[in-house]
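Okay, everyone, thanks for coming.

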Amino acid sequence: MNLLNNEKEFKYLLDKNTFGKIIESHKYSKVGIIQWYVEEEMDIRYRLTLKKLPTGFFQEWTITEKSNTNDKTVRKENERSVSPEEISKKFYYFETFKTIAKVRYIFNDDPEIIIDEFLTPFENINNKPLIDYLMEIEEKEIVKNDNFDNYLESNNYPLNNLVKIIDSYEDFKNKNLAKIIEWQEYNSKSKNTKSIFDLINFVKNKLKGNITLVMTQGISIKNQGEFKSQYESIVSKFKESKFDQIKSLDISPDICAEIDTYNLLLKNGYNIKNLYLLTPGPFLSKDNSCLETNHPYFQSDISFVGALLKCIFEKKYGLNVKTYPIESSSSQYLFENTWDILDEILKNKAKDEVIVDVTGGYKNLGLVTAIYSMFKNIPFYYKYQEGNIEEFPAFGLDWDYDYFDRIYSIINALEFNNEDKNNLDISQYLTLNYDISALFIYDPEKKGLKPFYPLNRILNDYEDKREIPFGFGENLLSIFDIKDNEKSQDNQLINMKNYIEYMIKTKWSKQWIGDLIPETVEHSQRHSKRLMDFTASLINIIGEDNFLPEEIKDKYYSDTNITYKYIYYFILIVSINIHDLGHTYSKYRLKDGNYIYLDNFPSMIRDLHNELTVQLIEEEQNNKNMFGILETNKKNDKIRYDLDNIFGNNKKEIIEAIKLVCKYHRGYLPIDNTDKGHNSQKLFVETFKIDTIPLEALLYSTHSPINDDLLKKVIIHAARWLKFIDGTDVQADRIITDAHHRARLNRTKFEALTLIDKYKNNYCNAVFLQELQKLKNEIELIDVESLTSENLEKQKELYIKIESICKNLESEVYNFVKAKLLKPEIEYNINSSEMELLDTIAFKASQFTHFEKHRSVAAIYPTWLEWDNQNMFDIKLHLKIIKNKMNNANFEIHEKVIEDIKNDINKELEGANISFGGKKLKLIFDEDEGQNDKTIL
């Protein structure tokens with residue numbers, strides 16, 4: 001976001017060659033910008049800023065009003081972000097405004113150095129701007145405008161090739177370069193209608209970087225017709241190896257489907273650098289005789305057309321081309337052969353760098369490739385004969401895992417021929433049920449049967465799904481996929497990602513088998529996944545610059561060859577996945593080193609779970625527990641990405657950082673020195689004498705476990721975000737389904753009543769009997785099967801009464817434990833069957849309100865970031881709360897629960913104290929159904 005009011009800058013023109021040299025010799029980041037000029041005289045414009053992130057696209061709408069000053073190089077600028085609602089009301093008017101689209105390359109912050117590459121939307125010559133590239137340099141703190149030329153020259157910018165704009169400065173303002181785009185109006189016969197949406201996608205495609213195009217190749221170039229003479233000319237030059245002449249030919253895109261598709265993709269904004277041709281074997285044997293075996297493009301296993309197209313795409317269009325021969329046209333072989341090839345391509349390319357064209361060649365080849373694309377979540381295209389091209393967007397289709405669950409064990413038990421793991425013996429085949437035997441086809445060459453589909457790959461995918469059925473936040477982990485032009489760091493980033501993924505699948509998600517307080521609602525695999533997904537969405541909304549700690553840009557942590565940016569992501573993501581694992585650990589270490597055991601005190605597990613998480617890690621460091629919660633399997637020689645390999649001598653400090661972020665995610669622990677936290681009435685804080693020193697004070701004290709000053713900033717920033725992000729996970733997904741909710745209520749009601757009866761039978765003279773009888777009477781009134789609006793208000797009142805009684809009982813338990821801890825002569829033995837039973841009753845019975853809270857919300861997600869460079873105080877993050885439609889609660893009760901949830905999230909944000917550029921982050925909850933926004937803070 002731009003929070004400056006004044007600009008002082010100079011502009012320089014440059015050509016394509018100069019731009020290319022600067023790009024090659026300087027590091028940069030880039031954003032896409034589309035600007036619509038609403039009021040030319042006042043220089044008012046809307047801007048959409050786009051940035052490609054590993055987690056998706058950052059999108060921000062702003063409106064800016066610029067005005068001139070007496071100095072032509074200085075302009076005043078008022079700017080604010082714009083809500084989606086405001087944009088939607090004016091969206092279709094944008095087609096009538098003067099527009100400019102560009103990619104901005106950002107090279108330096110102080111002074112700010114940028115180059116704008118002006119785009120021609122849809123490659124329509126009528127939309128082409130007057131210039132291609134414009135460099136701007138703007139003063140900040142270090143370099144003032146009178147030193148701009150010297151600064152550029154001394155920092156390896158080719159000043160001699162830059163044309164400084166002085167007299168015609170006004171001509172090169174964006175508003176004067178903008179044009180009204182020529183849109184093709186919609187009609188029923190139109191094949192290439194474009195809209196604002198297409199313009200936005202055009203710029204997004206420009207930002208995706210170098211694209212690899214996978215293309216199924218056909219023979220349309222050989223078709224005789226109006227391009228016969230052009231085809232014969234190309235073939236003649238090709239056979240004679242006159243490649244320079246092919247480069248200079250004016251080749252019509254309509255000469256064949258492959259070239260036409262390539263050009264249409266360019267018009268959609270893709271920057272295609274690599275082409276992989278899936279080319280069937282020779283169509284006609286005589287084709288191979290057209291080339292001598294010593295010809296540069298001769299390949300015995302591809303057709304003449306395949307070789308010709310490879311030459312055209314390499315020499316004419318400058319692509320890196322690789323051909324993949326397809327051995328057979330029979331579908332039974334295509335799956336295995338084609339998927340081998342496509343797996344190899346995706347192994348070396350990120351998914352968002354690959355697009356697929358399934359137009360040419362055998363139809364079954366296109367079908368197989370399309371199926372692969374859908375299940376690998378990558379987009380593919382089909383070109384119609386009339387000339388238009390249709391995109392099938394990437395979509396997360398998946399296999400029928402219920403079906404695989406039925407056949408998995410049987411398939412794995414089959415004994416395939418030793419010489420060919422895919423060749424099934426006939427005797428085995430005859431024992432199979434039809435739904436499995438139908439998957440195999442007879443192979444006459446090998447006298448056996450083989451799977452029609454690549455079952456080994458599919459079942460491997462299924463095995464992965466069995467580990468984490470709902471995923472594990474893969475989108476956020478893609479943060480580590482980005483290339484920073486530092487090979488040593490790139491390798492470490494891969495190791496960091498692999499470490500987290502391995503630990504989620506093999507340890508962290510499995511640790512929840514021992515959840516000691518499952519009544520607190522689903523806290524295992526899906527809680528951490530939801531936090532991962534929310535974090536990825538949050539980054540896309542607020543931008544990575546706002547999400548990262550300040551003062552860490554491009555700086556490396558110690559001797560690890562890893563920048564603090566990725567240290568921050570690593571610590572935060574690990575903490576997201578393990579911060580609640582104290583729910584599974586009941587062995588609590590007191591300050592003097594003695595232990596007490598909390599497995600039968602669920603209230604204390606709940607209250608101390610962050611402290612228990614820290615102790616779980618510490619016990620591991622001291623080799624005193626069996627879980628190794630941060631350690632990979634040392635016996636597995638394939639693992640090369642444990643903490644020792646990633647961080648070396650810094651491993652201990654990284655673990656300390658993770659412990660602190662996990663510990664301070666709770667509201668009772670303040671982060672800032674000025675914050676007192678919410679611990680004044682916490683019984684467990686007093687009982688266990690927990691140190692509530694603010695994180696900031698701890699890190700900058702003489703006994704800080706962290707020595708590195710920038711790492712301290714990383715820890716504080718990660719703790720702030722985890723505190724807030726964790727507070728947003730209140731949605732009904734934690735209840736799973738309405739049937740699950742009813743079952744949980746019934747189960748909890750039964751357990752609470754049964755335990756009360758057990759207590760009364762065992763302790764017939766206890767002082768708490770009267771209080772427990774009151775509790776029992778209230779619990780018995782809960783009607784689980786009639787969750788209707790008529791009785792829910794009464795139920796809500798019951799829940800409040802029940803919770804009040806439970807709090808009193810918990811206080812008595814804490815008083816008992818506190819008294820025990822004052823008597824070290826009994827070795828801190830807090831075990832008491834009566835008190836353990838009393839605490840269990842109080843804990844279980846207090847969960848009804850908790851369940852109701854978590855069935856009220858279907859989803860919470862961020863929508864946009866509101867800011868204004870004239871507002872010197874705060875920035876507002878808009879959140880959307882989607883109410884759970886399955887909740888049949890009375891509207892007023894429902895709204896009260898939602899308001900409580902909003903207040904809880906705000907308390908977490910208040911404790912996190914997050915700021916951007918000195919401005920404090922606040923929340924606004926966007927209302928459903930067209931209601932006005934309601935500011936909570």
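So, the lining of the second largest cavity: eight residues are nonpolar, two polar and one charged. Here Ala, Val, Leu, Ile, Met, Phe, Trp, Tyr, Cys and Pro count as nonpolar, Asp, Glu, Lys and Arg as charged, and the others, Gly among them, as polar. By cavity I mean a set of points on a 1 Å grid over the protein atoms alone where a 1.4 Å probe fits but cannot get out, and lining residues have an atom within 4 Å of a point.

Bear in mind that this is a predicted model: local features need pLDDT of at least 70, side-chain atom pairs count only at pLDDT 80 or more, and totals for chains, interfaces and linings use all residues. Numbering runs from 1 along each chain as its sequence is written, and side-chain values use heavy atoms, without hydrogens or water.

Among the lining residues are Thr-99, Ile-100, Leu-119 and Lys-179. Strand β6, residues 98-108, gives the largest share, three residues; strands are DSSP runs of E, at least two residues, numbered from the N terminus.

Now follow β6 onward. A hairpin of three residues takes you from β6 to β7, and the two pair antiparallel over six bridges (pairing takes at least two DSSP bridges). In that pairing, Asn-108 sits opposite Ile-113 of β7.

β7 also pairs antiparallel with β8, residues 133-138, over six bridges, with Glu-117 opposite Tyr-133. Six of the seven residues of β7 are buried, so the strand is largely enclosed by the rest of the structure; buried is under 20% relative accessible area with a 1.4 Å probe, protein chains only.

How values were computed:
1 Å grid on protein atoms, 1.4 Å probe; cavity = no way out; pocket = protein on both sides within 12 Å on 5 of 7 lines; lining within 4 Å. Helix = DSSP H or I, 4+ residues; strand = E, 2+ residues; numbered from the N terminus. Buried < 20%, exposed > 50% of the residue type's maximum accessible area, 1.4 Å probe, protein only.
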